[in-house]
There are 2 protein chains.
Amino acid sequence: MRFMHTADWHIGKRLNSFDLLADQQAVFTEIRQIAQEEQVDAVVIAGDVYDRALANEESVHAVNEMIQTLNLTDGLPLLVISGNHDSPVRLGTGSPWFKATQYYLHTTLAQAIDEPIVLGDTQFFLLPFWQPFAARQYFGDEQLTTVPLAMTAIVQAMQAKFVPDKKHVLVAHFFAAGSSQTDSETTSRVGGLDAVPVDLLAPFDYVALGHLHSHQALHEDKVRYSGSPLKFSASEAKDTKGVWIVDTTAGTIDWRPLTPPHDLQAITASFADLTKPDFLPPDQQQDYLAITLTDTEVIPNVMQILRSQYPHILEIQRAHGRDRAADTPALTVRRHLDPLTLAADFYTEMQESAPTERQKQWLAETWAEMGAEK
Amino acid sequence: MRFMHTADWHIGKRLNSFDLLADQQAVFTEIRQIAQEEQVDAVVIAGDVYDRALANEESVHAVNEMIQTLNLTDGLPLLVISGNHDSPVRLGTGSPWFKATQYYLHTTLAQAIDEPIVLGDTQFFLLPFWQPFAARQYFGDEQLTTVPLAMTAIVQAMQAKFVPDKKHVLVAHFFAAGSSQTDSETTSRVGGLDAVPVDLLAPFDYVALGHLHSHQALHEDKVRYSGSPLKFSASEAKDTKGVWIVDTTAGTIDWRPLTPPHDLQAITASFADLTKPDFLPPDQQQDYLAITLTDTEVIPNVMQILRSQYPHILEIQRAHGRDRAADTPALTVRRHLDPLTLAADFYTEMQESAPTERQKQWLAETWAEMGAEK
């Protein structure tokens, strides 16, 4: 059994104000190509297909298309679980019909334990994101109050279903103890009660995890995160994104990187350097950029100026803060300016972009009202 | 071909503040029983499965269960379209897989024309709710600016696909010209540009319509609304609700009524009569009631008093208005009462129920503030 392991597509996600759907569709095309080139027997998607439980129609349409393409057009068996960002009920719509074309979509703990899937030489257990109350309910055991206790019971129940001569793969969506996080995950307590101890997973030949967005979040041989196919935050700027190609027969696990249309870069530079036309090659000027300016002086309209060259700037920070001392004489000189110009200048300094015409109008109206009340 | 024709389930709908789901599930059980008793070969659901494009999770779960029960448990072929209340994209999720078990769910005009379904001796065309722009796009004809023009083109295109020796049934969701409406439909212009002239539908042996909630909305032999399985407004109180059993082979169309757990009644009576313990038999006291009081005098706390006997009152109206003359002496007497009691009495008279403790507190606070400002 040779399968692709991916996860955390987060269809519907926005990066600041930018819609990621076009990039997600492009990277899906790459995923599809890799599945063909690698001649995989199945594709595993380990949860968080959607970015939110209540996805908009455009996202639902996109996911429907992607899943149909892989399963119905390309004829690939799919092994999919719901993550903490998915609604099990909404994602699970239609799932009883999907099995007929080997699209296995599990959204409940009961399915995870009671309905393992055998494909070729491998038995898959598809464990969606779950919480201890579901385990207490399933096992009828009020003692299962923590994730480690509940996971112990779950793994034991799965082991009882192991078909002896098969490889055993767990597909799951949780925080594995000892993993490192990025800023784009909405997980809570690192290493706390919600973490699954990795040694519980020893019975499996491979554990295909979703939840954390970096594939290097965990350094275990047979327990791996695929990470997300796209970078979702500046803290992932130095990540490589990709998918695992797992061959349970040959015993190999290979990394295939993905190259999205727009990379996400974290850049530290001076304003003077950034505004040089060839500071970044033309294609990289379209990347998502988290910029840290080394300048200390005030630069009016810095966001507007830089976005005219780099349209996908996510944020601008200052490496050394701004030079307050330099501001003071300027403000002194400005005492002679009228109040609206002063307010607009102040806004520009604080926001690093000028107020809009509408904002200027509000300023003027408010100033007039203040005058009237005197 | 013998099939059941139902429509307008509106799962997720509330009747004033009352959740209808339990009633909808009970009436679904009846629908299922009738399908078995009548030994139908298929079930037609002519749109508005959901009450809203963005149904809540509970509604999605309920619809998923109902559809699975009919199609997978009972093995009934299903012919379903999206109505104006459904989201075609959301309702259509999974539809490419559903065909394998003869669950045909069409949500686009292209499917309606290009993918007729042959079951037994009958060819079905499943036309979801549509608007003229979709017809202009499909036919590439900018002239199709009105519903009658577009519908003419649609019917001609369907006729071109007619298999000669079959009966031809159209399943659709629109306002047929000449139909009468109830208050629970969100349709707009009666007999206006949005209405489909019935004579356009002559080529079909039967037209199974959804959209209007009364099965008596239209008096045509072979073009029928099934109506909704439940009453959704006081204007439907005298309706009977049910399903059509259509036999295209025998040429029969029979009505099978549905009996929901709670009926909806419009009652005109005096307060004295209504408060008699046996005014309604015990089971009818749980019905949804639109009450018209024949009394003219003020009845304090009338809603509270009547709801203690009839928990599902939808509204209370007055047949003859309230007797203003009778109020005046009472108000005169009340001049000696303190302002908060007076305000509470006034509220009770107007709303026919006493203010809540919280509302009384707001009254007191507001009165105190007014005093402080003097």
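Biologist: What makes up the area that chain A and chain B bury between them?

Modeller: In this predicted model, the two chains bury about 1,900 Å² between them, and 65% of that is on carbon and sulfur atoms. On the chain A side, A:Glu57, A:Arg90 and A:Trp97 lose the most area to chain B, together 38% of what that side buries.

Biologist: How many residues of each chain are in contact?

Modeller: 21 residues of chain A are in contact with 21 residues of chain B. The cut-off there is heavy atoms within 4.5 Å.

Biologist: Which helices supply the chain A side?

Modeller: Helix H2 (57–73), helix H3 (88–91) and helix H4 (95–98) of chain A each give at least two residues. The largest share, eight residues, comes from H2(A). By type, the chain A side that touches chain B divides into ten nonpolar, nine polar and two charged residues.

Biologist: Now inside chain A: why are H1(A) and H2(A) called roughly parallel?

Modeller: The axes of helix H1 (residues 21–37) of chain A and H2(A) come within 12 Å and cross at roughly 5°. Angles under 35 degrees count as roughly parallel, so H1(A) and H2(A) get that label.

Biologist: Which residues make that contact?

Modeller: From H1(A), A:Leu21, A:Gln24, A:Gln25, A:Phe28 and A:Arg32; from H2(A), A:Glu58, A:Ala62, A:Met66, A:Thr69, A:Leu70 and A:Thr73. They split into five nonpolar, four polar and two charged.

Biologist: And in chain B, at what angle do the axes of H1 and H2 cross?

Modeller: Roughly 5°, with the axes of helix H1 (residues 21–37) and helix H2 (residues 57–73) of chain B coming within 12 Å. With the limit at 35 degrees, H1(B) and H2(B) are therefore roughly parallel to each other too. Among the residues that meet are B:Phe28 in H1(B) and B:Met66 in H2(B).

Biologist: What makes B:Arg2 and B:Glu38 a salt bridge?

Modeller: Their closest N and O atoms are 2.4 Å apart. The limit is 4 Å, so the pair qualifies as a salt bridge. The partners sit in distant parts of the chain, 36 residues apart: B:Arg2 is in strand S1 (residues 2–6), while B:Glu38 is in the loop between H1 and strand S4 (42–45) of chain B. Over all chains, the structure holds 24 salt bridges.

Key
Residues numbered from 1 in each chain as written. Chains lettered and ligands numbered in written order. Predicted model: local features only at pLDDT ≥ 70, side-chain atom pairs only at ≥ 80, totals over all residues. Heavy atoms only, no water. Axes fitted to C-alpha atoms, helices over the stretch in contact; angles between N-to-C directions. Helix = DSSP H or I, 4+ residues; strand = E, 2+ residues; numbered from the N terminus. Parallel < 35°, antiparallel > 145°, perpendicular 65-115°, else oblique. Buried area = accessible area lost by both parts, 1.4 Å probe. Nonpolar A, V, L, I, M, F, W, Y, C, P; charged D, E, K, R; others polar. Salt bridge = Lys/Arg side-chain N within 4 Å of Asp/Glu carboxyl O.
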